[in-house]
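Please keep the sequence and the coordinates at hand while reading.

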Amino acid sequence: MLSPSSKTPFKLVAPWKPTGDQPAAIEQLLKGLKNKEKHQTLLGATGTGKTFTMANIVAELNRPTLVLAHNKTLAAQLCNEFQMFFPENAVSYFVSYYDYYQPEAYIPSSDTYIEKDASINEEIAKYRHAATMNLLTRRDVLIVASVSCIYGLGDVDSYEALAIHLERGEPVQRDKLIRRLIDIQYRRSNMEFKQGMVHVLGDTIEVFPPGGDTVIRMEMPFDEIETIQEVDSFTGELIADLQTVSIFPASHNVTSKEKIDGACSGIITELGEREKELLKIGELAKAERIRQRTEYDIEMLKETGYCTGIENYMRYLNNDGVAGCPPSTLLDYFPEDFLMFIDESHISVPQVGGMYEGNRSRKQTLIDFGFRLPSSHDNRPLKFPEFEERLNQTVYVSATPGPYEYRHTRMPPKGEAKNNLVVEQIIRPTGLLDPIVTVKPSKHQIDDITEEIAQAKKRGERVLITTLTKKMAEDMTQFLADKDEKVRYLHSDIETMERIEILRQLRTGEIDVLVGINLLREGLDLPEVSFIAILDADKQGFLRSRDALIQTIGRAARNLHGHVTLYADRETDAIKAALDETNRRRAIQEAYNIKHGITPKSIEKAIHDIAEAHNKLELRRPHRDPQKIPKDELKRLMEELENQMALASENLEFEKAADLRDEIEMLRRKSK
């Protein structure tokens, strides 16, 4: 059921228009999309405004859009940018909602069973619900997702069919409505108020939808809906009087009683078959284990409509008992004409392809030892062919497209003219060229790096050094620290909050040098960096491949003085290919600047600019005076803000996290 807002078109809001080769890229991609091309590639150099190009295409086509990113940090960055481009439309964030996740597993060698343990981030869970509700109620929807979008989400038909649609003046018995809400996983509470709960006081019912920060309040005297209001969940302030409202289930894994009864019947049948198999081969303990565990789950399903590990019974709850059916995922919530962008596709595409096998291996061990039924294999991510089947039209976005993109967009051999399926975006709006790249022997690399650091410091700029191992990063950091350099290292062992602080210090000049491994590649926007040193550049492999070198070189492309040195004792094929591509792009960029009289200039991105962008995104959250908020509401408000602060910290949005921290402290002080 689509709401009136479903017809709202995408409205692009930006203080600038497409420049450089953005107009040509937009035109060519739109031409291919309108000609029903299923695969296209946007080969865009770092810093050329690929996100703005995508936004222009979305605004022109006006179709629901999914943007796939390879990690939460990049997804958050993209979501923030798209929210600024489309402030009046539904831009959502869909990533894994686990702060901590230990999957169910069994280790035969030590006879150790590990129960599933997870900590759910309620703020991210809210965004996930908002994404699915938007998809089912409107067309102007853009969702930025991580690879979690290929994991089971619950049957879309059940989710939509069980939504409760109410209208003002409609005769509804209060108690029946409450039972319907509980059936779709809302919890009744008089003390705690947060997403997925329902509060009843006399003839008033307050529903806290799982996908928002507001409350739906309904007055129901004489078993009739007299008013429907949307109110602020913290202050009780009236936001809107509504004529109709749709209340979606509080859980994506929700189903009807009829389906549960049918599922339990199928589970019992499979249990009997599996038990016979185990008894036949003399595995008495395993047979007893699977019976006890499964019978307990069946009892919970019948009594409450839910059980721990319910996702392991999706074959019967969603697929009518048919083995091998793919899970229902976020992709199934999209209409058939949706548009897909895969950002940093050289990483994202292989990541999607690698999810299935790892999950299957773990699950098979649980099945072999009697912890799960064989049907639990249907609780899995999509196989790559299944992922491909669900795509409509796809644009791959990368500075270094991978083999999959080359194959599907028929990238021509070197020297041949490119077809319209591969669109290059090489020119930067700032006129900046790709950095100058020099290859030097490793013999005197430390002395050379020390001199480069001194020159960068004189210009007030920063330096990145990439190593091959964590130990090398730590040793290099210690060496430079002994030389009184302001230096830190950054790798996967560094905690999230400390990582945020290190990046902030680099941008503000509290440190001059950052040493790291592959964390210094995709998605790191540091315009203050003018020099990058790549150690062991001739150790050809994943971190020193052609694509990895091009991506690392691109980190210096936001500064006028940007240059890169590869320390190597021989020129590998990867080095040669990276140099050839970088020089080719520089020649194109330089010719464009000369033709149009453009003088290159560094990107100027003050740190507070990021905070200002976030403030624009928070317009819907009103400024609150603590003196006007009831004391019993203040605690809940501060808990909600703490959740938002944790999410911002996880996504490296350190300015936003700091703003939220200050707001929490202000509320705490003024409430005393």
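## Aromatic pairs

Tyr106, Tyr113, Phe369 and Phe371 are linked into a cluster by ring pairs, where rings of Phe, Tyr and Trp (its six-membered ring) pair if their centres lie within 6.5 Å, with planes under 30 degrees apart counted as stacked, over 60 as edge-to-face and the rest as tilted. The model is a predicted one, in which local features need pLDDT of at least 70 and side-chain atom pairs count only at pLDDT 80 or more, while totals for chains, interfaces and linings use all residues. Residues are numbered from 1 along each chain as its sequence is written, and side-chain values use heavy atoms, with hydrogens and water left out.

The structure holds 14 aromatic pairs. One of them joins Tyr159 and Tyr333 edge-to-face, at 5.7 Å centre to centre and with 65° between the planes. Tyr159 belongs to helix 5 (residues 156–161) and Tyr333 to the loop between helix 9 (314–317) and strand 17, so the pair ties together parts that are 174 residues apart in sequence; helices (H or I, at least four residues) and strands (E, at least two) are DSSP runs, numbered from the N terminus. Both Tyr159 and Tyr333 are buried, a word used for under 20% relative accessible area, with exposed meaning over 50% and partly exposed in between (1.4 Å probe, protein chains only).

## Nonpolar cores

A nonpolar core is a set of buried Ala, Val, Leu, Ile, Met, Phe, Trp, Tyr and Cys residues joined through side-chain atoms within 4.5 Å. The largest such core has 35 residues, and those with the most contacts inside it are Ile57, Phe82, Phe86, Leu142, Val144 and Phe341. Among the elements that give two or more residues to this core are helix 1 (22–34), helix 2 (50–61), helix 3 (72–85) and strand 17 (339–343). Apart from this core lies another, of 34 residues, including Ile150, Tyr159, Met340 and Leu391.

Leaving aside neighbours within four places in sequence, Ile57 is in contact (heavy atoms within 4.5 Å) with Ile26, Leu29, Leu30, Leu33, Leu339 and Phe341.

## Strand 17 and its partners

Five of the five residues of strand 17 are buried. Leu339, Phe341 and Asp343 point one way from the strand, whereas Met340 and Ile342 point the other way. Strand 17 pairs in the parallel sense with strand 2 (residues 65–68) over four bridges, and with strand 18 in the parallel sense over five bridges; two strands pair if DSSP finds at least two bridges between them. Thr65 stands opposite Leu339, and Met340 stands opposite Thr394 in strand 18.

## Cysteines

A search of the whole structure finds zero disulfides, a disulfide being a pair of cysteine sulfur atoms within 2.5 Å. The sulfur of Cys264 is 8.6 Å from the closest cysteine sulfur, in Cys307, which is too far for a bond. Cys264 is buried at 1% relative accessibility, and Cys79 is buried with a relative accessible area of 5%.
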